[in-house]
Amino acid sequence: MKRRQLPSTLPKATESRAEPWIVVALLFLFMLINFADRAVLGLAAVPIMQELELNHTQFGLIATSFFTLFSLGAVIGGFLVNRVATRWVLAALALIWSLCQLPIMLSVSVTALIGNRIALGAGQGPAYPVAAHAAFKWFPSERRALPTSIIAIGALAGNGIAAPVIVVIITAWSWHAAFGFLGAIGLVWCATWLLVTREAPGALSSGADQPVRNISYGRLLRCRTLVGVQVVGFSAYWLLTLALVWLPTFLTQAFGYTPIQSGWIMMLVSLGQIAFLPAMSSLSDGLKRRGVSSRHACGSIACAGTLVAGLITIVLSRSEGSLPIIVCTVIAFSLVNVIFVLGPVLVADVTPARQRGAVLGIVNGITTLAGPLAPSVTGMILDFSSGVTDGVRNALLLAGAFAIVGALAGIVLIDPEADQVHDASDAAPIDVGSAKRQQSGSFSNQSR
């Protein structure tokens, strides 16, 4: 049976303007800065370890410190945007990042660097779910995947397209200068965002003045779709964290590339993501508009991307020669991000609009718990292996197997239609089992 598409509730005047896409463009830059701020530590790993006299395990613990408050920050930020305009929350987050990055221009101790990364992680935890929530306010359900993919590409571009620039700054000046440069860029974005944007029309009107039924968060988080998104996302985030923290070191110390070459390979990964993610998102949106269930239009595509990424990561762990390594790196670390584009869309499909920010934050917080584990576990694998090359291959093998298991679990679990669907206001969920037993007129009865 084809899935009945519910009408958009956005005003026609809003849909016809370019304003939603201006917001998406700025959110793209927001996430670019977000991931560049995070990736700079991995890109500067070698000079940092040399200056501070660190081994791989110690550096892995510094990288892990970033995630100390990351998940908690995501949850707090999610509940905050249920009450506060996302415009102001996003500006505050960008300001926090800049204030964390600028002091690193000076000489720092290991303790100071750890404290800085903890504070930065707390400020970056809410970034992606809040950005997705802000974009969802401007688009109806069947058109959310493409803008979400653009925002996600911003995050991935920060790890790839910005990588050559950061590496040049590190090589020409110092790793301290790279941190300061990113802090200054964050301040420029914050000012631009406040000058150019506004909150989506009617975005804050889903509060007590609307007849919206809340659902307990326990019930929401137990539904199979959200469980599936978290399982797939956790396994994919493990692999993504390797790309963020350790991939530059893998490429230089295990595969023999220079820092400049590794920066260009990271850029190729981002170009692969720029090619894959909008294509997958457009496919998903197109399928949903043609009546294909969200389970297949979003869930199956997201799980397939993670499954293939895991398989290719295992191939990468056994690859020899420059071309196979580059090809496997680009494909694996591009496809693994599909779940981070379609996952929030799946969450929005089964969550009332007024609770969406909090649920996105909670799901993101649970998913990113892989962040504290992956860098430290990988660092220990490197130190306890017979050599760096063997350690890298073992770490990639583990991450690939983990992604495969997560993807298979997601294929079984993710099924929005079996959980709930929204009424036309995108607010009150209806149990699908009941809806199937009713006449088609029940949909109009639920609509406003």
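In the predicted model, Val315 is placed in helix H15 (helices are DSSP runs of H or I with at least four residues, strands are runs of E with at least two, and both are numbered from the N terminus). Val315 counts as partly exposed because its relative accessibility is 46%; buried stands for under 20% relative accessible area, exposed for over 50%, and partly exposed for values in between, with a 1.4 Å probe and protein chains only. Helix H15 covers residues 294-317 and has the highest mean pLDDT among the elements, 91, whereas helix H23 (residues 441-446) has the lowest, 36. The pLDDT is the predictor's confidence in each residue, on a scale from 0 to 100.

Across the protein, the pLDDT averages 78, and 85% of the residues score at least 70. Over residues 421-448 the value is below 50, and this stretch has 50 contacts beyond near neighbours in sequence (a contact means heavy atoms within 4.5 Å). Residues 203-212 also stay under 50, with 13 contacts beyond four places in sequence. Where pLDDT is low, the predicted coordinates should not be read in detail. Residues are numbered from 1 along each chain as its sequence is written. For this predicted model, local features need pLDDT of at least 70 and side-chain atom pairs count only at pLDDT 80 or more, while totals for chains, interfaces and linings use all residues; side-chain values use heavy atoms, with hydrogens and water left out.

The protein contains 23 helices and two strands. Of its 448 residues, 60% are buried. Among contacts with a separation of 6 or more, 85% join residues 24 or more positions apart.

The largest nonpolar core has 125 residues, and the members that touch the most others are Leu27, Phe30, Met31, Ile48, Ile166 and Trp189. Helix H13 (residues 224-254) gives the most to this core, 14 residues. Such a core is a set of buried Ala, Val, Leu, Ile, Met, Phe, Trp, Tyr and Cys residues joined through side-chain atoms within 4.5 Å. Beyond four places in sequence, Leu27 touches Leu90, Ala131, Ala134, Ala135, Ile151 and Trp193.

Helix H13 also holds Ser235, which is buried at a relative accessible area of 1%. Outside four places in sequence, Ser235 contacts Thr306, Phe402, Ala403, Gly406 and Ala407. The C-alpha atoms of Ser235 and Val405 are 8.0 Å apart, although 170 residues separate them along the chain.

Gln124 belongs to helix H7 (residues 110-124) and is classed as buried because its relative accessibility is 1%. The contacts of Gln124 beyond four places in sequence are Asn34, Asp37, Arg38, Phe66, Phe70 and Trp97. Ser65, in helix H4 (residues 56-65), is buried at 6% relative accessible area. With residues up to four places away not counted, Ser65 touches Ile114, Arg117 and Ile118.

Leu195 lies in helix H11 (residues 175-196) and is exposed, with a relative accessible area of 75%. Together with Ile22 and Val196, Leu195 forms a nonpolar surface patch of about 320 Å² accessible area.

How values were computed: Patch = residues over 30% accessible without salt bridge, like charges linked within 9 Å, V, L, I, M, F, W, Y side chains within 5 Å. Areas by Shrake-Rupley, 256 points an atom, 1.4 Å probe, with all protein chains shown as cover. Salt bridge = Lys/Arg side-chain N within 4 Å of Asp/Glu carboxyl O.
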